[in-house]
Each structure stands twice: as C-alpha cells, then as structure tokens.
Amino acid sequence: KMVEVETSVPPLPPRYRFRDLIWGDHAMVDDDRVQIEFFTNEKSLKQRLQLYFVKNQRSSLRIRIFNLIIKLLTCVLYVVRVYTDECEKDMKSCFNHTAKSLSEFRENPHINWEMMLWVKRDMALWITQVTVACISLAETLLVTYLGYKGNILQQILSFGFILELINTVPFIITIFSEPLRNLFIPVFLNCWLAKSALENMLNDLHRVMQKNQSALAQQLVILAVTIACLIFTSMCGIQHIQRAGYTHMDLFQSFWFVIVTFSTVGYGDISPDIWPSQLFTTLLIASAFIVLPTQFEQLAYTWMERQKQGGTYSSHRAQNEKHVVVCATTLHTESIMDFLNEFYAHPKLQDYYVVLLSPCELEPTIKMILSVPIWAQRVIYIQGSVLKDSDLNRCRMQDAEACFILAQRNYADRNAADQHTIMRSWAVRDFAPHCPQYVQIFRPENKFHVKFAEHVVCEDEFKYAILANNCLCPGASTLITLLTHTSRGREGQDSDSEWQRLYGRCSGNEIYHIQLKNSKFFGEYEGKSFTYASFHAHRKYGVSLVGIQTENSPSIQLNPGPRHIMHETDTCFYMNLTKEENSAFILAHPNQEKDQRLDKLKMGDGKAYSKVASMIASVGTVALELQHTSVKPRSMSTSSQSNKEPSNKLELPKGLTIQSLAKRPSIAPVPAMLEAIGIEINVESDSSEDEPDAQEELWDAPDSDYYRGFPRVTPYIGTSPTLCHLVREKRPLCCLQLSQICEHNNYRHAKEYNWSQPVTIIAADHASTGLYNFVVPLRSHFLAKEKLQPIVLLLERKPDLVFLETISYFPMVYWMCGNTECLDDILRAGINLSENIVFVNKESSNSTEEEFMSDCNTIVGVQTIFR
C-alpha cells in the first residue's frame with residue numbers, strides 16, 4: 001500500500017517514535033500531521049518470547065537476575081525449614097533413649113532412616129516453597145522450550161534441567177498428596193543452579209555494559225561462588241544425614257566440621273558416626289579435589305594473561321593524581337631507566353605517575369626492576385596499542401599531563417620507525433588534542449609531520465650537529481651529554497686529562513630561571529645589554545646567563561646578543577650548580593689588575609668584548625629556531641626618530657646592510673627572513689663602534705669567491721636558517737667527488753688538492769639528510785675564512801641528487817665512495833692530512849640477537865684507524 005507524504009512535513013521527534021514503539025499507532029490518532037502504515041513481518045509467539053528472553057540483552061539480563069533470586073530464595077527457605085523443624089528434637093530424644101552412649105552406639109549402630117526421609121514443615125513454609133517451585137519450574141520449562149534446536153534429549157539430560165526437576169517436581173506432587181508434604185527434598189542443591197544463573201548474568205552484564213577487561217574479575221567471582229556452593233552443599237548434606245545417627249548437628253556445627261575437613265586440620269571434636277555420612281564426606285572431599293583445582297587453574301591462567309596485559313589507570317586516579325604516558329614499540333631496560341631516573345630527578349615530579357604503554361611484553365629484566373618499591377608504586381605498565389582508543393582510554397591519555405613517544409631503535413629502516421612514531425603521534429592528538437607531546441624522530445625530513453607536538457627531538461639532526469661542534473670544540477659532545485643527565489659534578493675527577501675533569505665538574509650544572517628584579521645575580525644589570533650581563537655575572541658569580549624570556553613573548557630567546565637590553569620584567573635563564581635561592585655566596589672585590597684588563601677590553605675593540613660575553617653565554621654553537629615571532633621592516637629614518645621607538649628596536653650602524661648584521665659578535669644566527677627576528681629594524685644610525693673590519697668587507701666583496709649568506713638549497717622541510725660561508729657560483733656536481741677526475745680538475749686524492757688547513761673526515765654508511773647539520777656548523781659565519789677546514793664525506797653508498805645539490809653551495813665539501821675497512825679509501829680521503837675523523841654508527845646492526853653489540857662496527861673501525 002503506497003502512502004503519499006508531503007516533503008515539507010518534518011520527521012517525527014524521537015518522543016513520538018518511542019511512544020509508537022510502546023503503544024502502537026493509536027497514539028497518533030489525535031495528531032493529523034502524517035499518517036504512515038509500516039509493513040513488517042509478523043512474528044510468532046515463540047519468536048517474540050525468544051526476543052524477550054534470549055536475544056534482547058537487557059530483558060535477558062532481567063530474566064537471569066529473577067532466576068538467580070528464585071534459586072537463592074529456595075536455599076534460604078531450606079535454612080528456615082532446618083531451624084523450624086521441631087520433629088528433629090522429638091526424634092533425637094526418642095533415639096537417645098534407645099542408645100545411651102556413643103560407645104554403645106558404635107558397638108550396635110542403628111540408622112534411623114525415617115529421620116532422613118521425613119522432615120517437619122509448617123503450612124506457611126510449605127505453601128511458600130511450593131509457590132517458588134512452581135515459578136522456577138515454569139521458568140525453566142519456558143527457557144528450555146525457547147532454546148530448543150532439534151535435539152530434545154540434549155536439553156532434557158543436561159545437569160541443570162535434571163537438578164531442576166529433582167528440586168521442584170516433588171513439591172508439585174505434594175499438592176495432590178497430603179502425607180507427602182513432609183517428604184525431604186534436597187532443595188539446598190539449588191545453590192549450583194544459582195551459580196549457573198550468576199555466570200550467565202555476568203556474561204550478559206558485561207556484554208550490556210561493554211566491558212572488555214572483566215575476565216579476571218569474573219574468574220575471581222566464579223571461584224568464590226564455587227567454594228561457597230561447595231561449602232553450603234556439604235554443610236546442609238552432612239547436617240541432614242547426621243539426623244539418622246547418634247551425633248546430631250545444627251547448621252553451624254556442620255559448617256565447622258566442613259571447614260575443618262577442607263582445611264585438613266581435623267580436630268576430631270565432631271565426626272560422622274554412620275556410614276552414609278562417612279560416605280558423603282568421602283565423596284565431598286573427592287569432589288573438592290576435582291572442582292577446585294580446575295577453578296584455580298583457570299584463575300591462574302587468567303591472572304597470567306592479565307599480568308602480560310598490564311593494569312589499567314582508573315578514571316578515579318586520573319582525577320586525583322597526575323600522570324604521564326610513555327609510548328614505545330619495545331620498552332628497553334636502558335632507555336626506560338634513563339627516562340625514569342631523569343624524570344624523577346626533579347623534585348616537582350615526585351608525585352607523578354608514569355604509565356608505560358607498549359604492544360609488546362615487558363622484558364624479564366625490566367620486570368624485576370619495576371618490582372622494586374621505588375618504581376612499583378609509581379610506574380604502571382599497560383600492554384596495548386596507541387592506535388586503539390580502548391587502550392588510550394585504559395591509560396587515561398585524555399587526562400595525562402604529557403605524552404612521550406619514543407622511536408624504535410632496532411628497526412633496520414629508520415623511515416619505517418618514523419612512520420610508526422608519526423602514526424602514534426597522530427592517534428594521540430586525535431584522542432587527546434590538549435595533551436602535550438614530546439616526540440622522538442630519526443629523520444629530520446619527518447619533523448613537519450609532528451610539528452604540532454610540544455617538542456620534537458630529531459636524533460639525526462642533533463647527532464650530526466653535536467659531532468660537528470665536537471670538531472670545533474673537542475669534548476663538546478661529552479659536556480652536553482653530561483649536562484643532559486642529572487649529575488653532581490663528580491664525573492671524570494680521577495682522569496689525568498684536565499678537560500675531562502673540567503667537563504666533569506661542569507656536568508653538575510643545570511638550567512634555572514628567575515625574574516631579573518628578584519635576582520641578586522643579574523638584578524644590578526638592568527638597562528645593560530645581554531652580553532654585558534652575561535660576561536659580568538660569570539666573572540662575578542660563576543653563573544652563565546644563556547637565555548631571556550621577555551614579558552610579552554612566550555618563547556625563550558637563547559643568547560639574544562648585545563642588542564637586547566635587560567629589563568626588570570625579563571626572566572633570566574642561567575646555568576649553575578644550584579638555583580640562586582639555594583646559593584650561599586660572598587661577593588669578592590676583584591683586584592686592580594683585573595679591573596684594568598676589563599677596562600682595556602671595554603675601551604678597545606667592542607667586538608672582542610661581545611665575543612667573550614657570547615662565549616660565556618653559550619655552550620658550543622647553538623642553532624635556534626625562531627618560528628613564532630614576526631616583524632615589520634621599517635623604512636629609513638633619522639637618528640632622532642629612532643630614539644623614540646620602543647626598546648625592542650634594532651639600530652644598525654650607518655651604511656650597514658641587513659646581511660652585514662651577521663657579522664655582529666653573537667652566537668645566535670641571523671634568520672633568513674626578517675620576520676624571524678621579532679624586532680623592528682632601523683637601518684640608519686650615527687653609531688659606528690661596531691664597523692666591520694677591512695678583511696670582513698673583502699670577504700663579502702663582489703670579487704671574493706666566498707660570501708656569507710643562507711644556503712640556497714636545503715635538504716628537507718623545516719630546516720633552520722643559519723648564516724654560513726657559501727660559494728658565489730654553484731660548484732659542478734662532478735667536482736664534488738673527491739677522487740673522480742673530471743673536466744675541471746685531475747685530482748685523485750686529498751693530498752693533490754694542497755689544502756692549507758687539515759681535513760675533517762666523516763665516515764657514514766649513507767648520506768642522510770641529517771648530514772646537512774654536520775656541514776652547517778663547520779661553515780658557520782663566525783668562523784674565519786682562512787680557518788675553514790675541508791670536509792670529506794666517506795660514504796658506502798652514493799648520495800642522491802638532492803643532497804649533492806645542497807652541498808654544492810658550500811666551499812671545500814667533497815664526497816667519495818668507500819669505507820674505513822679499506823686502507824686505500826681512507827688514504828685517498830686524506831687521513832694523513834686530517835685533524836678530525838668522525839665515525840657515524842651504522843643504522844643496520846650486524847647483531848640482532850644482542851643489542852649491546854650494535855656498536856661493534858664503530859668500535860672496531862676506530863681501533864683499525866688507530867692501529
């Protein structure tokens with residue numbers, strides 16, 4: 001039947017739909033907006049009952065709860081019958097008249113079978129038990145009928161159906177025979193039916209509530225219920241059978257006997273004295289030996305599987321406690337212990353919890369370590385995947401203070417490892433967008449995928465930059481490694497090398513911050529430049545001022561240089577053994593000779609003064625990323641107008657260009673775009689104290705081969721702009737290969753080039769994009785032209801075209817195919833002419849079985865060079 005419906009009529013609200021579902025179409029009689037007839041397949045009575053009793057989860061749960069209550073009620077009525085049975089007392093007194101003592105009874109045992117077959121029931125109790133039995137039998141027959149699937153014998157001969165008939169049919173028979181109303185019926189066996197109903201109810205309950213992590217709890221409940229049913233059955237059975245013997249027991253005495261028997265204590269104060277009770281006790285003990293081990297085995301298996309999956313960080317704990325989540329494919333002992341030691345080294349993080357989320361099982365070593373009380377109370381392991389919302393919910397990622405995503409180091413393909421890390425980071429961001437992320441990445445070209453993270457640590461970028469700075473300042477990598485670890489400054493004090501002792505003492509330094517107006521270290525330098533404050537604070541107190549955060553800027557500026565003027569609202573970041581509030585110091589007056597040297601330094605070359613301050617204010621060469629600041633370039637103005645500008649205005653000496661700003665004596669590189677500086681620029685000024693010298697002007701002259709600028713080609717997105725020495729004309733790609741003859745040169749090895757400076761050799765298995773960060777510091781703008789050292793890249797595989805295009809703009813950078821195991825290769829690379837040789841560990845380890853052997857290639861290669 002077709003019905004025309006106007007399209008302008010809106011759909012029915014949910015309340016009408018629900019009412020129609022409950023009451024039918026009659027509820028819509030008064031509402032004439034629309035009349036629709038629905039055609040459905042008519043269902044039989046059996047199908048409708050199956051829908052209510054079996055298929056519908058909620059209604060099925062209600063039926064099972066009702067069945068459980070009925071079975072428990074029968075057990076309660078049995079206990080009531082035992083305590084109200086007056087016949088037992090009469091029979092006991094009559095029996096005691098026959099047998100005067102226990103010894104006489106044992107010599108001539110007599111079993112009173114009438115006491116076992118007949119009991120005394122009140123009329124009200126009998127009516128209640130009969131009513132409950134009829135309801136229980138009707139419900140069982142209905143469920144059996146609805147569950148019929150063609151095999152009637154399988155359902156009738158089931159243990160539950162037979163037990164139901166034993167406990168209910170005799171009560172129905174007593175309705176038609178009054179003498180049988182006092183017949184004994186073992187109703188206490190309904191506890192096992194109640195146990196079965198409870199198991200089915202728990203299954204439905206967990207299915208309705210969609211609980212996935214409930215197996216262990218359910219096994220514990222089932223075990224407890226099994227033991228309770230076993231004790232209750234034994235208690236009621238031995239109490240009733242002993243009615244026919246000499247020693248009569250009440251329910252409490254039978255409970256005491258069962259507990260003593262199961263515990264194998266056997267006090268002997270109560271014991272069965274007739275063979276039926278003794279046989280029942282024997283069968284009872286045998287049943288316990290069969291049932292309980294099976295339950296304990298299932299519980300132990302579930303417990304072990306649950307231990308493998310780890311725990312769950314509850315929502316209650318997440319609301320009242322603070323926690324962070326550490327995500328990794330495999331949790332290695334060394335990396336996790338380094339994280340925990342450094343994380344809990346800070347006093348403010350002592351109350352935090354660390355949740356370890358990993359799809360793999362814990363290593364046995366880390367299991368033992370995490371069982372130590374210092375970690376067991378604060379570290380929680382959860383086995384799961386970051387890509388599953390259920391596992392993220394188990395660790396309460398949405399409530400976490402931070403998420404640390406560690407890259408997998410045992411992957412042969414670092415790009416694949418980064419892809420896994422990126423997927424984890426995306427999943428965390430989608431699930432908990434407000435949770436700060438700290439991500440570890442191998443390849444620098446993959447950084448832009450996780451740019452939204454709070455901080456991204458790129459291993460290749462950091463590794464090659466540290467190695468390059470190590471060539472400029474020997475031991476820089478050691479110093480930075482010690483600084484990144486919590487230390488008391490005692491490392492290397494037993495060494496014979498002075499620099500090791502010095503770096504060991506300095507490793508106890510940490511970064512602290514304080515507002516300028518509240519600082520005794522830096523408060524007196526208000527209105528002075530950053531380099532002035534850094535120089536004098538280090539000279540006076542031994543602290544190193546490394547960065548500033550202004551009141552209006554959320555970012556921290558590392559070594560902003562002499563152009564920054566200190567204000568009382570500035571937050572000073574300094575390096576010291578302890579924070580200023582905990583420092584006890586006495587101001588010492590410097591002698592006159594030091595003052596004279598300082599005056600000469602101040603009155604002499606201003607650039608030298610700034611360079612000394614910059615060396616104090618920085619550790620090595622720091623590459624900055626100024627991404628969140630902006631600037632509007634200003635046109636030329638007079639000096640008087642420039643004095644009226646705000647204090648963040650940068651004034652350049654007259655005649656200087658923006659490019660010549662790189663010659664300023666600051667460690668911080670000048671960004672490629674003016675927007676990265678974050679200040680307004682005035683290109684005209686009467687100041688001339690920082691004019692570049694003639695030699696620097698010559699270097700940037702048009703007829704010079706080199707100039708200072710920013711690399712024209714970068715190997716990946718997100719490269720930090722850094723001012724470097726570059727060639728004016730791009731070098732041909734054929735000339736980049738050290739030992740290859742081309743039309744431009746006939747050199748076959750490093751000695752034929754006749755370089756004036758020693759060569760720096762770096763040996764790697766391939767030219768990754770991170771290798772760009774090794775070249776940039778060695779071509780930095782602050783290095784003198786005549787001090788630039790040639791760089792030879794000794795690679796096992798030929799670099800790609802993009803990398804060759806990148807290094808073609810740098811002076812004296814070459815590559816050649818070879819490895820350190822071949823003597824001819826390292827001789828052609830110029831090992832006899834080298835000052836620094838850098839070995840980069842191979843990404844593909846030759847030992848997958850033992851992770852501590854992953855560095856064997858590098859160690860043997862270094863020893864080969866020494867030999």
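Four bridges join strand β1 to strand β4 (residues 402-405), and the two run parallel. I begin with this pair in a predicted model, in which local features need pLDDT of at least 70, side-chain atom pairs count only at pLDDT 80 or more, and totals for chains, interfaces and linings use all residues. Residues are numbered from 1 along each chain as its sequence is written, and side-chain values use heavy atoms, with hydrogens and water left out.

A word on terms. Helices (H or I, at least four residues) and strands (E, at least two) are DSSP runs, numbered from the N terminus. Two strands pair if DSSP finds at least two bridges between them.

The protein chain holds 31 helices and 18 strands. Of its 867 residues, 43% count as buried, where buried means under 20% relative accessible area, exposed over 50%, and partly exposed in between (1.4 Å probe, protein chains only). Taking contact as heavy atoms within 4.5 Å, 70% of the contacts between residues at least 6 apart in sequence join residues at least 24 apart.

Now to the sheet around β1. Six strands form an open sheet in the order β3-β2-β1-β4-β5-β6, with parallel pairing. Its edge strands are β3 (379-383) and β6 (455-458), each of which pairs on one side only. From one strand to the next, the twist averages 15°; here axes are lines fitted to C-alpha atoms, for helices over the stretch in contact, and angles run from 0 to 180 degrees between N-to-C directions.

How enclosed is β1 itself? Five of the six residues of β1 (residues 322-327) are buried, so this strand is largely enclosed by the rest of the structure. With strand β2 (residues 352-358), β1 pairs in the parallel sense over six bridges, and C327 has L357 in β2 as its bridge partner. Between β1 and β2 the chain passes through helix α15 (residues 333-343), and this β-α-β crossover is right-handed. That term applies if, with the strands pointing away from the viewer, the path from the first strand over the helix to the second runs clockwise.

Strand β15 (residues 759-764) pairs with strand β16 (residues 791-795) over five bridges in the parallel sense, and I761 has V792 as its bridge partner.

I close with a helix pair. The axes of helix α2 (residues 45-55) and helix α7 (residues 123-146) come within 10 Å and cross at roughly 110°. That makes α2 roughly perpendicular to α7, a label for 65 to 115 degrees; under 35 counts as roughly parallel, over 145 as roughly antiparallel and the rest as oblique. K46, L49, Q50 and F53 in α2 meet L142, V143, Y145 and L146 in α7.
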